[in-house]
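Please read the following report with the sequence and the 3D view side by side.

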Amino acid sequence: MNPEPSPIKAKILAAIDSGKVKMRPRWHFILQTSLIIVGVALIALALLFLISFIIFSLRNTGAWFAPSFGYRGIGVFLASLPWLLIGLTVIFVVLLEILVKKYSFAYRQPLLYSALALVLIVTIGGVAIAQTPFHRGVMRQTFERHLPIAEPFYRGGGMMGPGLIHAGSIEEITANGFILSSRQGEDLNIITSPETQFPGGYDLIEGDLIVVMGERSDGTVKAFGVREIKAMPGEFIPRHQFPQRFRPPLPR
Amino acid sequence: MLQSFNQLTDEELAKGVQQGEKYMFAELVERYEDKIMRYARRFLFNFHDAEDGVQEVFIKAYTNIRSFDATRRFSPWLYRIAHNELLNTLRKKQHEPIPFFDPDTLLPHPIAPDQTDNSIKAKELKELMSANLDKLSTKYREPLVLYYFEDLSYQEISDILQIPTSTVGVRINRAKQALRKNLLNSKDAYEPRTIAN
């Protein structure tokens, strides 16, 4: 003889038998898991894009090289950082952490470890993408086709700096400096003085890719720092056939 | 039929339920009703709430049984449902806000091995804990109950509460310290102090 079922058991079984309680179909859980995986993939891709874009923008505008000009350069670098994009990156990292925390490989570890691992993976991925000509190619396409959202995004690069950084190539050596053909397609008259810092040395010739730090007044920049930089991935720098060499300014 | 059920593992029964053998769920309820009820009472301290909670736990388990991976253990999966359900009940009653972040889960902590290997000592400890559980907050009470009363491992508790394994150890140790402190305080209140000459 079967023992009398407990009231709880009897209620549960009655609810199941009457059809009030039904099993959710398997596809419901497959869909749920798939959505999480798609969410993780999309956020990870967005993070890779953002991080690589931030690095690309910093290098493209020359802000990346600003700390080599001492404390003033560090200040300019911090002021030039795209804080809005950095904030967006942090939000995406938090979202990604929340999604992966549902899985044992993440929640079994202290939050610090899983968050650091996540940041490390997306940073390495972002740096790797920034080394490729991906963003330069996208930027070129964007400018040629005048794409509505992407064009201002790539033109501004998310930078918020005080406009003290000017990157480009030396077009012509002049008596008191040189003419810089900027990456934005402008010609700027760069004036150097004995106070101008040259952390990479004076060995500059026409066609060299450089970054200049200094306040701009119309088309003239009084440089407090000049240094040579390497070309961006996928960047073509036209070389002069007989380049003129830069002469450092003499002390007054 | 009942005889053959006894030979089946929880996971085999759950697999059977997933395939539509509804009656196998009755056996799972039979096996876990007392355990989940005991857990719920230590969690909620109210018989009626515990009864309603347990019923809801099994209904949720049946509804979501197809999400159970039969290659893993059934009991941590069921306790995870129980944890969520009972925590919801408690929050509704106490109007406790849901903590978004727990600093205990941030940093790694070394796991100290449990020293209570002596069975008599362990039995006394359980009785002492049982009588004083209501003095602990849910955060510390729950891992203590799962470890000492439900005999689950740190790893299983980590899966149920979805917190790092090292945090489970930290919470159990802190719970024991809090109970010890509480006991010492209550002893001080009732026992006259011996005055040394």
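How many residues does the contact take from chain A and from chain B? The contact takes 22 residues from chain A and 28 residues from chain B, where two residues are in contact if their C-beta atoms, placed from the backbone, lie within 7 Å.

## How to read the model

This is a predicted model, in which local features need pLDDT of at least 70 and side-chain atom pairs count only at pLDDT 80 or more, while totals for chains, interfaces and linings use all residues. Residues are numbered from 1 along each chain as its sequence is written, and chains are lettered from A and ligands numbered from 1 in the order in which they are written.

## Where the chains touch

On the side of chain A that touches chain B, the elements that give two or more residues are helix 1 (7–17), helix 2, helix 5 (104–107) and helix 6 (111–130) of chain A. Helices (H or I, at least four residues) and strands (E, at least two) are DSSP runs, numbered from the N terminus. The largest share of this side, seven residues, comes from helix 1 of chain A.

By class, the side of chain A that touches chain B divides into 14 nonpolar, three polar and five charged residues. In this scheme Ala, Val, Leu, Ile, Met, Phe, Trp, Tyr, Cys and Pro count as nonpolar, Asp, Glu, Lys and Arg as charged, and the others, Gly among them, as polar.

## The two domains of chain A

Chain A is divided into domain 1 (26–156) and domain 2 (165–228), with bounds that come from an automatic or database domain assignment. The centres of domain 1 of chain A and domain 2 of chain A, taken over C-alpha atoms, are separated by 31 Å. Twelve residues of domain 1 of chain A are in contact with eleven residues of domain 2 of chain A. On the domain 1 side, helix 2 (26–61) and helix 3 (70–80) of chain A are the elements that give two or more residues, and helix 3 of chain A provides the largest share, four residues.

Helix 2 of chain A has 36 residues, which should span 52 Å at 1.5 Å a residue, and its end C-alpha atoms are 52 Å apart, which agrees; the expected span is 1.5 Å times one less than the number of residues. This helix is followed by A:Gly62, whose phi is positive, near 95 degrees.

## The helices of chain B

Chain B comes to nine helices and zero strands. Of its 197 residues, 32% are buried, a word used if 20 or more other C-beta atoms lie within 10 Å of a residue's own, with exposed used for 12 or fewer and partly exposed in between, the C-beta atoms being placed from the backbone. The domain assignment of chain B gives domain 1 (2–94) and domain 2 (104–190), and their contact takes eleven residues from domain 1 and twelve residues from domain 2. Helix 3 (23–44) and helix 5 (74–94) of chain B are the elements that give two or more residues to the domain 1 side.

Helix 5 of chain B has 21 residues and reaches 30 Å from its first C-alpha to its last, close to the 30 Å expected. Its buried residues include B:Phe74, B:Trp77 and B:Leu86. Helix 2 (residues 10–18) of chain B packs with helix 3 of chain B at an angle of about 145 degrees, their axes being 8 Å apart; axes are lines fitted to C-alpha atoms, for helices over the stretch in contact, and angles run from 0 to 180 degrees between N-to-C directions. Among the residues that make this contact are B:Leu13 of helix 2 and B:Phe25 of helix 3 of chain B.

## Single residues to look up

Is B:Phe58 buried or exposed? B:Phe58, found in helix 4 (residues 47–63) of chain B, counts as buried because it has 27 C-beta neighbours inside 10 Å. Not counting residues up to four places away in sequence, B:Phe58 touches A:Ile12 and B:Val29. The C-alpha atoms of B:Phe58 and B:Val29 are separated by 7.1 Å, although the two residues are 29 residues apart along the chain.

A:Asp218 has a positive phi of about 55 degrees although it is not a glycine, and A:Asp218 is found in the loop between strand 4 (209–217) and strand 5 (220–228) of chain A. A:Asp218 is exposed because 7 other C-beta atoms lie within 10 Å. B:Gln162, in the loop between helix 8 (154–161) and helix 9 (165–190) of chain B, likewise is not a glycine and has a positive phi, of about 50 degrees. With 17 other C-beta atoms within 10 Å, B:Gln162 is partly exposed.
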